[in-house]
Amino acid sequence: MSELTRGLSDEPSSLSNIDHRLTWSFGGLIFTLMVAVLLAGGWYLRGVMEREQDRLATLTTQVLANAVSRVSFSGKYHARLLLEEIKAQQPDILYLRLVDVNGVVLAHSDSKQNDQILDPRAVADVRAVLDENPRQLVRRFKRAGETVREVSLASRGGYDNATVGVLQVGISETLREPALRDAVVYISALVLALLILGIFVTLRISAHFASPVRKLALALERERSYLQTLVGTIPDLV
């Protein structure tokens, strides 16, 4: 009998805290959904930025390739002067180089690199660009601790507009990464603010809808207290 009355007395106390239990339950659900939205949104935003960066870098390289093809009629020395001038005017461009099919640097934004031969891996990238269609390649790598986006594009020149080599442009990603971090921080702050607001609204709604349940729990508590008192006095009455 004591275990039964103890179980009956524990149930109303749990019902009296139903608003807090609902708040934590809905708060956990909202938090899970917000984290899922944050991860999905961050992944999608990063993918969109990557595609746009590739598109803009490729477009920039195409414009430069057209400019280089026009000055190539005058010889490689004019192409070298053009690449050096572009590098001096655009600090976000780390390097520009025009490489022939054998991996020899015809023109470079750094004059010390002219007439150098690329390493076998770089030569393989050049030949891959010349063999594939469309003739372009975008890749990202680290160089001296800095993220570089390199665009390789087939370059044409001469009177017959034949393919003379590959123009490679290395663009710094220094400004993009802080912008991406700032976007993630902003989204995280927004999710946190929405989470706090959701928990507060859930608390108010739970308190409103749990009020009848709490009143019922208190009424049951009084009834069971009366029943326990009655059960406890039965032996004395007998």
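Asp115 counts as partly exposed, at 45% relative accessibility; here buried means under 20% relative accessible area, exposed over 50%, and partly exposed in between, with a 1.4 Å probe and protein chains only. Asp115 also has a positive phi of about 70°, although it is not a glycine. Its place is the loop between β2 and α4, where helices (H or I, at least four residues) and strands (E, at least two) are DSSP runs numbered from the N terminus.

Before I continue, a word on the model. It is a predicted one, in which local features need pLDDT of at least 70 and side-chain atom pairs count only at pLDDT 80 or more, while totals for chains, interfaces and linings use all residues. Residues are numbered from 1 along each chain as its sequence is written, and side-chain values use heavy atoms, with hydrogens and water left out.

The protein chain comes to 5 helices and 5 strands. Read from the N terminus, the order of its elements is α-α-α-β-β-α-β-β-β-α. Of its 238 residues, 30% count as buried.

I turn now to the charged pairs. Side chains of opposite charge can pair when their charged atoms come close. A salt bridge is taken as a side-chain nitrogen of Lys or Arg within 4 Å of a carboxyl oxygen of Asp or Glu, and the structure holds 5 of them.

Which residue forms a salt bridge with Asp115? The partner is Arg80, and the closest N and O atoms are 2.8 Å apart. Arg80 lies in helix α3 (residues 76-89) and Asp115 in the loop between β2 and α4, so this pair ties together parts that are 35 residues apart in sequence. Arg80 is buried, with a relative accessible area of 10%, whereas Asp115 is partly exposed.

Arg121 and Asp125 are separated by about one helical turn, because they stand 4 residues apart in helix α4. Arg121 is partly exposed, with a relative accessible area of 43%, while Asp125 counts as buried at 15% relative accessibility. The side chain of Asp125 also meets that of Arg139 in a salt bridge, at 3.4 Å from N to O. Arg139 lies in strand β3 and Asp125 in helix α4, so the pair ties together parts that are 14 residues apart in sequence. Arg97, Arg121, Asp125, Arg139 and Glu150 are linked in a network of salt bridges.

Next, the pockets. On a 1 Å grid over the protein atoms alone, a pocket is an open set of points, each taking a 1.4 Å probe, with protein on both sides within 12 Å along at least five of seven lines; lining residues have an atom within 4 Å of a point. Grid points are joined across faces, edges and corners, and a volume is the space filled by probe spheres set on the points.

The largest pocket holds about 270 Å³ of space. It is lined by 19 residues, and the closest to its centre are Tyr95, Arg97, His108, Gln113 and Arg143. Which elements each supply at least two residues of this lining? They are β1 (93-99), β2 (105-108), α4 (120-131) and β3 (136-143). By class, the lining divides into 7 nonpolar, 4 polar and 8 charged residues; Ala, Val, Leu, Ile, Met, Phe, Trp, Tyr, Cys and Pro count as nonpolar, Asp, Glu, Lys and Arg as charged, and the others, Gly among them, as polar.

The second largest pocket has a volume of about 170 Å³. Its lining is made up of Gln53, Leu56, Ala57, Thr60, Gln90, Asp92, Ile93, Arg149 and Ile171. Helix α2 (residues 18-71) gives the most to this lining, with 4 residues. The division here is 4 nonpolar, 3 polar and 2 charged.

Finally, the surface. Tyr186, Leu190, Leu194, Leu197, Phe200, Val201 and Ile205 make a nonpolar surface patch of about 680 Å². Such a patch joins nonpolar side chains (Val, Leu, Ile, Met, Phe, Trp, Tyr) within 5 Å, from residues with over 30% relative accessible area and no salt bridge; accessible areas come from the Shrake-Rupley method with a 1.4 Å probe.

Key:
Patches are made of residues with over 30% relative accessible area and no salt bridge: like charges are joined within 9 Å, nonpolar side chains (Val, Leu, Ile, Met, Phe, Trp, Tyr) within 5 Å.
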